[in-house]
Amino acid sequence: MAKQDSNTIEADLDESQLSSVRQFVSFLIREENFAFSIDLVQEIIRVPALARVPMAPPSMLGLANLRGEVLPVFDLRAMLGVEHKETSDASRVLVVDDGMKVGLVVDRVAEVLNVPVDRIENVDAVEKTIDSKLLSGVVKNFNDHDLVQLFDPGCLPELQVKETVGTSTGRSSGKVGKATETTDTEEVEDDVPQIVSLLIGEEEYAFNLADLDEIVRVPTQIAEVPNAPFSVVGLCTLRDRVLPLVSLRDCLGQARTEQKDSNRVVVLRIKDGDDYRRVGMIVDRVREVLRVPRDLVDDVPEGVKRHGANEIECICKLDGGQRLVSVLSAGESISGVDLSEAEKAMSAMSIETTDQTVEDDDLNTSADAADLEDVQLVVFKLAKEDFGISIHAVQEIIRLPEQFVEVPKAQAEVADIINLRSMVLPVIDMRRYFNLAPCERSERQRIIVLNNDGVMTGHIVDRVREALRVTRNELTDPPALNSEAARFVKHVAKAHGGKSMVLVLESSAFDVLNADDLQAGDAKA
C-alpha cells in the first residue's frame, strides 16, 4: 500500500470529516493492535531478500534493495522486546519515513483506520503493553478493536540517528598484530615475487603483478579489427584509451569457449622501447594474488623450452608441489600476435574518440568522470552474505594452513597465528568477529591478508567469490546505522546491474589484537 491508497481513502471523506479525522495504518504484533499515522507510511511490501549488516543491533534484519534504494529493515518484535517469531506469508514490511526511511517487519497488516480526533486518548488513560514513550496516543473500543495503540516510530531507540565518528577504528587500543619478521632484514620480504593467478580451462597460469595495470570485466562493446589474426578479439575503450583485446586461450593454442560472466580482461603493461604499451588479455577467470617464496620458484625445464614455450618465465610449486602455476611473460605471451592491423584501427579510433570528446565536452563534467571512475573490490562470502573490501587493502589471499599456533588469552575472534614466509601473522575468524554461527573448516575457506599502513592481519572467510569492479555511481552511502556497524560498513555496492548488493567494508576498522597478545604468540611460536 502506498500513499496513493491514503489519497483514495481521504476522497471518501468530506471536508468537515477530514478536519476531525486522522488516518492510521493498523497492524498486529503478537495479536495486539498497533497503528502508524498514514502520513509516515510510504508503502507496504512483502519481506524481501536481505543483506545482513555486521555489528548491527539484533533488531536489524539487514538491508533491502527497494527499486535501487538501499533500505534498512528492522524486526519490530525485537525492537519492542517481544519474543522472536519467524516471518510468515502474512508478514509484511511497513516502509515508514519519520526523518529516517526504514522498513519495519510486522506480523500482519490489518486495515486503514479513520479515527475521529476526539476518540484519541492520552497514553496514560489505559494500561499499555509497551513503553508509553513509544506511543502518541491510544484508541479504545473502535471498529471491533478493544484497544489500538498509536505508535510513534521516531521514538524507537534504534532509529535515533546519532552522529558517528570514526577516528577510532579499533575495538582495542593496540594495533592489529604487525607482521613480525623472524629474519634480520626486510629486504628478504621485499624480494618475494607477487603474481596474479588465473585459469584457462583447468590449467592455472599467472602474470607478474608488476606487469599488470588492472583487471576489468570483458566489455559489452568490442569493435572487430578487419584482417587481424584470430587471436585479436578486437578493440575497446577503457577510460578514454583504446585497448587491443587478445585471447589468451588462442595464444596458448586452446580452443575458445563461450563467453562467461567469470571472464576477465587482464590489462598488461608491456615495455616498448622507452615507453609502455597496454594490451588487454582475456582469461577464463582471475583466481588470486599470491606472494611466492623464491625457493618455490623453478626455472622452466629445458624440455619445455625446446618445444617453443618461451612465454613461460618460471613455474611455481605450491601446496607441497601439488599445485603448479606457470608464470607467463607479458611480452612473450603476445610476441607471436600480429597487432599491426589493430594498431592502425586504434589510431583511427583514437582520432574519432578525440573528435567525439571535443563535441561532447560540455556534457562531460568532472563530476561525471568521478561517477564513472571504477572501484575494485575483493568480494567474499560469510554465511549467506556478500561483503567487499577495497582491492588496494588486500595484500594477498591464501589457503588455510594445516596448523595454527594458539595465542594465549587472545580475544575470542582471534583464530591464533600462522607462520607466513617466516612472518608471524595473526589470523581473525570473521564469523566470530561478526557474531555469526561457526562453521567447520573447508577447502573453500581462504585467508584474506589485509595491509593497513604496514600492519598485516589475516581474516578467515567462507570463500572468496570474485574481484568485482563497480563505478562510483554504483556505490551508495549506507543508511544510518548504529555506531559499531557504521565503523565497518563504508558503502553499499549495487552489483551485477543492481541484482545484488555487496556491503563494502572499511579495512581500517579491523583492529582487534594488541601487542601483548602478539608477543605472547611470538614467544610460543
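Contact here means heavy atoms within 4.5 Å. The structure is a predicted model, in which local features need pLDDT of at least 70 and side-chain atom pairs count only at pLDDT 80 or more, while totals for chains, interfaces and linings use all residues. Residues are numbered from 1 along each chain as its sequence is written, and side-chain values use heavy atoms, with hydrogens and water left out.

**View 1. Leu76 and the nonpolar cores.** Leu76 touches Phe27, Ile29, Phe36, Val105, Val106, Phe151 and Leu156, not counting residues up to four places away in sequence. The largest nonpolar core has 56 residues, and Leu76 is among those with the most contacts inside it, together with Phe36, Leu94, Phe434 and Phe510. A second, separate core of 25 residues includes Val196, Tyr205, Leu248 and Ala330. A nonpolar core is a set of buried Ala, Val, Leu, Ile, Met, Phe, Trp, Tyr and Cys residues joined through side-chain atoms within 4.5 Å. Buried means under 20% relative accessible area, exposed over 50%, and partly exposed in between (1.4 Å probe, protein chains only). In soluble globular proteins, nonpolar side chains tend to be buried together.

**View 2. Strand S19 and its partners.** Strands (E, at least two residues) and helices (H or I, at least four) are DSSP runs, numbered from the N terminus. Two strands pair if DSSP finds at least two bridges between them. Strand S17 (residues 242–247) runs parallel to strand S19 (residues 275–283), joined by 3 bridges; Val246 has Met281 as its bridge partner in S19. Strand S18 (residues 264–272) runs antiparallel to S19, with 9 bridges, and Leu268 stands opposite Val279. S18 and S19 form a hairpin with 2 residues between them, and Gly273 in the turn has a positive phi of about 70 degrees.

**View 3. The open sheet with S13 and S20.** Six strands form an open sheet of mixed pairing, in the order S20-S13-S14-S23-S22-S21. Its edge strands, each pairing on one side only, are S20 (285–291) and S21 (297–299). S13 (residues 194–200) pairs with S20 in the antiparallel sense over 6 bridges, and Ser197 stands opposite Glu288 in S20.

**View 4. Asp284, between S19 and S20.** Asp284 lies in the loop between S19 and S20 and counts as buried because its relative accessibility is 15%. A polar atom of the Asp284 side chain lies 2.7 Å from the backbone nitrogen of Gly201. Beyond four places in sequence, Asp284 touches Leu199, Ile200, Gly201, Arg249, Ser262, Asn263 and Arg264.

**View 5. Ser333 in helix H7.** Ser333 is found in helix H7 (residues 330–333) and counts as buried at 8% relative accessibility. A polar atom of its side chain lies 2.8 Å from the backbone oxygen of Ala330. Leaving aside neighbours within four places in sequence, Ser333 is in contact with Phe207, Cys251, Leu268, Met281 and Glu311.

**View 6. His392 in a loop.** His392 is placed in the loop between strand S25 (385–390) and strand S26 (394–399). With a relative accessibility of 71%, His392 counts as exposed. His392 and Ser507 are 115 residues apart in sequence and 9.8 Å apart in space, C-alpha to C-alpha.

View 7. pLDDT is the predictor's confidence in each residue, from 0 to 100. The protein averages a pLDDT of 76, and 76% of the residues score at least 70. Over residues 162–190 the pLDDT is below 50, although this stretch has 64 contacts in the model beyond near neighbours in sequence. Where pLDDT is low, the predicted coordinates should not be read in detail.

How values were computed:
Polar contact = N/O pair within 3.5 Å; in protein donor to acceptor, adjacent residues only side chain to side chain.
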